[in-house]
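I'll walk through the fold, then the cores, then a few residues.

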Amino acid sequence: MIKENVRKAMNEQIKNELESSYIYLSMAAYFESISLNGMAHWMRTQAHEETIHAMKFFDHIIERGGKVELLDLKQLKTSWTSVEEVWKDTLEHEQFITSKINGLMKLVREENDYAAESMLTWFVKEQVEEESSAGTVLDQINLVQQSKQGLLMLDRELGQRAFPAGSAYDPAAYNAAE
Ligand code: FEO
């Protein structure tokens, strides 16, 4: 049985992960509005991945006899002044999520909750990847600077990211399902 303080903290993390999904979907909408479709695609894929993260916490709480209580999601930013600003926000957001995962890890260690620790180990590794990929794109944006051609090439490259199979965020998948 999951302890109440661990359940509460994980329940809060479901909200953080769903807010992440919502933020990245908002960024996808922004990129669509300025015709950077590859970056929009990357953000849609990221939005999907965040729902998977939320569901990992959702299932963990339930599997261990706890109750999930979905919380309100906060109002989101809907516009940005530059492409660079979006990627800066992405990196900062991932750093925020890393701090939340680290806080959870600290808590479950104090509580000797080995099942939760094992599950969170996946997230610790995942956050290294998440920060690294956002940081790499931000570096590349800074490298291409004012070059429109460079930006379009980067946009095309980011558009190659694969969706998880059957993703509800993939137009090809949901159009095929109709
Ligand atoms: Fe689920 Fe991007 O952290």
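Let's start with a spot to look for: in which helix is Tyr30 found? Tyr30 is found in helix H1, and I'll come back to it in a minute.

Quick housekeeping. This is a predicted model, so to speak plainly about cut-offs: local features need pLDDT of at least 70, side-chain atom pairs count only at pLDDT 80 or more, and totals for chains, interfaces and linings use all residues. Residues are numbered from 1 along each chain as its sequence is written, and side-chain values use heavy atoms, with hydrogens and water left out.

So, the fold. The chain has six helices and zero strands, where helices (H or I, at least four residues) and strands (E, at least two) are DSSP runs numbered from the N terminus. The radius of gyration is 18 Å, close to the 16 Å that the globule rule gives for 178 residues, so the chain is as compact as a globular protein of that length. That radius is taken over C-alpha atoms, and the rule is 2.2 Å times the number of residues to the power 0.38. The C-alpha atoms fill a box of roughly 55 × 40 × 25 Å along the principal axes.

On contacts, meaning heavy atoms within 4.5 Å: take the ones between residues at least 6 apart in sequence, and 81% of them join residues at least 24 apart. As for burial, 45% of the 178 residues are buried. Buried is under 20% relative accessible area, exposed is over 50%, and partly exposed is in between, with a 1.4 Å probe and protein chains only.

Now the inside. In soluble globular proteins, nonpolar side chains tend to be buried together. A nonpolar core here is a set of buried Ala, Val, Leu, Ile, Met, Phe, Trp, Tyr and Cys residues joined through side-chain atoms within 4.5 Å. The largest one has 26 residues, and Phe31, Met39, Met43 and Trp87 touch the most other members. At least two residues each come from H1 (4-33), H2 (37-63), H3 (83-110), H4 (114-144) and H5 (148-158). H1 gives the largest share, six residues. There's also a second, separate core of 18 residues, with Met10, Ala54, Val68 and Met119 among them.

Zoom in on Phe31. Skipping neighbours within four places in sequence, its contacts are Leu36, Met39, Ala40, Met43, Val83, Val86 and Trp87.

Back to Tyr30, as promised. Buried or exposed? Tyr30 counts as buried, at 10% relative accessibility. Tyr30 and Trp80 are 50 residues apart in sequence, yet 7.6 Å apart in space, C-alpha to C-alpha.

On to the loops. Ser35, in the loop between H1 and H2, has a positive phi of about 60 degrees although it is not a glycine. Ser35 counts as exposed, at 53% relative accessibility. Asn112 lies in the loop between H3 and H4, and its phi is also positive, near 55 degrees.

Last stop: Gly159, in the loop between H5 and helix H6 (171-177). Gly159 is partly exposed, at 24% relative accessible area. Not counting residues up to four places away in sequence, Gly159 touches Gly38 and His41.

That's my tour, over to you.
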